[in-house]
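Work through the exercises below with the structure in view. Each task is followed by a solution in steps.

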Amino acid sequence: MNIGREFLSTDVAQRTSPLALSPEDTRWVERTRDALSVEAQIGQLFILSSRHDSVAETDELLAHAPGGIHRFPTRDLDTAWAAARDAVKRSDVPLILSGDIEGGTVSYPFTTAIPNQMGIAACDDIALSTQLATIVGQESRALGYNWSFTPVVDINRAFRNPVVGTRSYGSDPDRILDQAKAYIRALQAQGVAACAKHWPGDGLDDRDQHLVTSVNDMDLAEWEATFGRIFRALIDDGVMTIMSAHIALPAYIRDKLPRAGAQAYEPASVSRLLNEELLRGQLGFEGLILSDATVMGGITSWMGRAEAVPAIIENGCDMFLFSRDPSQDMALMLKGLREGRLSERRLHEAVTRCLSLKANLGLHRMTLDERIAPLPQVREALRRPDHLDVARRAIADSLTLVKDRDALLPISPAHHQRVVVISDAGTSFFAGAPDRDFTPLVQGLEQRGFAVRHFDAEAMPTPDDTDLVLYLIGQEATPALGHIFLDFAKLHAGPRNAMIQFNREIPTLLVSFGQPYYLYDAPNFSTYINAYASLPDIQTALVERLVGEAAFTGVSPVDAFCGKGQLRW
């Protein structure tokens, strides 16, 4: 089946490019590009990673004259502000500053904390989603960001997938599309480029592309009805950038190359067919294509570095994300150009698109203070009272009661005074993520008259000393976990203790502050809540709902019962 004619919209030629420029801006792009040496043009292709957001680290990164710097959240506003301002000030070609601004616990502590994407989807309120995206855009711009690698438009179908989960808007393509459109429009209206990810679509494979090349195994008809429809609609709506991931789409490759063999499973990040024929030629995308992180196992396990570095640009990506050794990778890119593995045509196109993105955002016209204002003004722009009010509303609206078979809720000191908390410390891939702390929840219960103690494996809870067992568990979606599950051996302090279950003897309540599918590992638990993240305000709002001071209103964006009838009972 040749899907080219079916996919090709009749108005592709008339579609306005998301990087369309005025004649003046076009001249700036051409002058800037043509004045750069080949080595400097190659430098523009690279987005290097900053972990510490410090001036010292920025100094090291700027030595490579990259096109952009990607910033992960850190703890100190003064340091982050100084590093961003220093980087912008010292760059001859305007530097783009990017981030994975996805919400949840992986956020700057001095910005307005909002739910992650799944929490936002659980609010089921597009107007509220628009307000949240506007807040993200305003506060991100205040911190100097011009580009957010969001939204995630993956379909959360494989409930064991560890990396999509709470980063997604759920499993319904219509909900995903509605949420993503609202987010992109609001974010880009604030001068921050959006990036739809992960092309050609994640969430079907229960493996993580950070560790292995994962596979989108949809047939072409299903892909077109889901991911194809999502990406085409976002392209039509003006999304400025798309991230090409280390994910294979074998159905499309085999349609073009029936004898493809192993090539059917090549990552999109190095697939000319997926990037240039499908995304550009058939879906009509004219914006910038960014590779996913090139240090991930999905690409490093597929091909050697010397081959992969030029292949990423040659096969359709316009910018190259992250590098463990920037000098080496830039040398490999130059070597690939000289040896013909990177064409002059693709280098020219990629640099032009990189500079066009910067021009479209107006970076070449902005003063330093317009890029990132003096620190007092930045402080005033963050955590404004109106922003906090919207965030608190979203946090409260997101909390989702999945199951309460035995009508345990609301709990009260009269019936459940002695509470044993069994909690999971949680982990995060991101260096700036805070340690998990359930103090707000525990204090909220104690203030209402509950006596809370923490689990002690040497003194297991019994019906004689415990009125309620409260599990506080859950991992927000994060790279490189491999898999997710409810680890009773860890929770109960040992593999033998893992076999002990309390739920038939003592009222038991399971709350996930992360992935929405942990009921799969505790199917006989009668009460289960998805909170999606462990932000302090989420914990406070949860206590109010546990004791009946407010109602649960969240609408689950996924089937939290995992398609298993057993879990409902």
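The radius of gyration is taken over C-alpha atoms, and the globule rule is 2.2 Å times the number of residues to the power 0.38. The model is predicted.

**Exercise 1.** Find out whether the radius of gyration of the chain agrees or disagrees with that of a compact globule.

Solution. Start from the length, which is 569 residues. For that length, a compact globule would have a radius of gyration near 25 Å. The chain has 24 Å, which agrees. For the extent along the principal axes, the C-alpha atoms fill a box of roughly 80 × 60 × 40 Å.

**Exercise 2.** Describe what the chain is built from and what share of its residues is buried.

Solution. Begin with the secondary structure: 23 helices and 16 strands. Next, take burial: 61% of the 569 residues are buried. Then turn to the contacts with a separation of 6 or more, of which 79% join residues 24 or more positions apart.

**Exercise 3.** Determine where the buried residues of helix α20 lie around its axis, and which elements they pack against.

Solution. First list the buried residues of α20 (residues 439-447): Leu-441, Val-442, Gly-444 and Leu-445. They cover an arc of only 160° around the axis, so they sit on the same side of α20. As a general rule, an α-helix has 3.6 residues a turn, so residues three or four places apart point the same way. The packing partners of these buried residues are β13 (451-454), β14 (468-473) and α23 (536-546). Finally, look past the helix: Gly-449 follows α20 and has a positive phi, near 100°.

Notes:
Residues numbered from 1 in each chain as written. Predicted model: local features only at pLDDT ≥ 70, side-chain atom pairs only at ≥ 80, totals over all residues. Heavy atoms only, no water. Helix = DSSP H or I, 4+ residues; strand = E, 2+ residues; numbered from the N terminus. Buried < 20%, exposed > 50% of the residue type's maximum accessible area, 1.4 Å probe, protein only. Contact = heavy atoms within 4.5 Å. Arc of directions from axis to C-beta.
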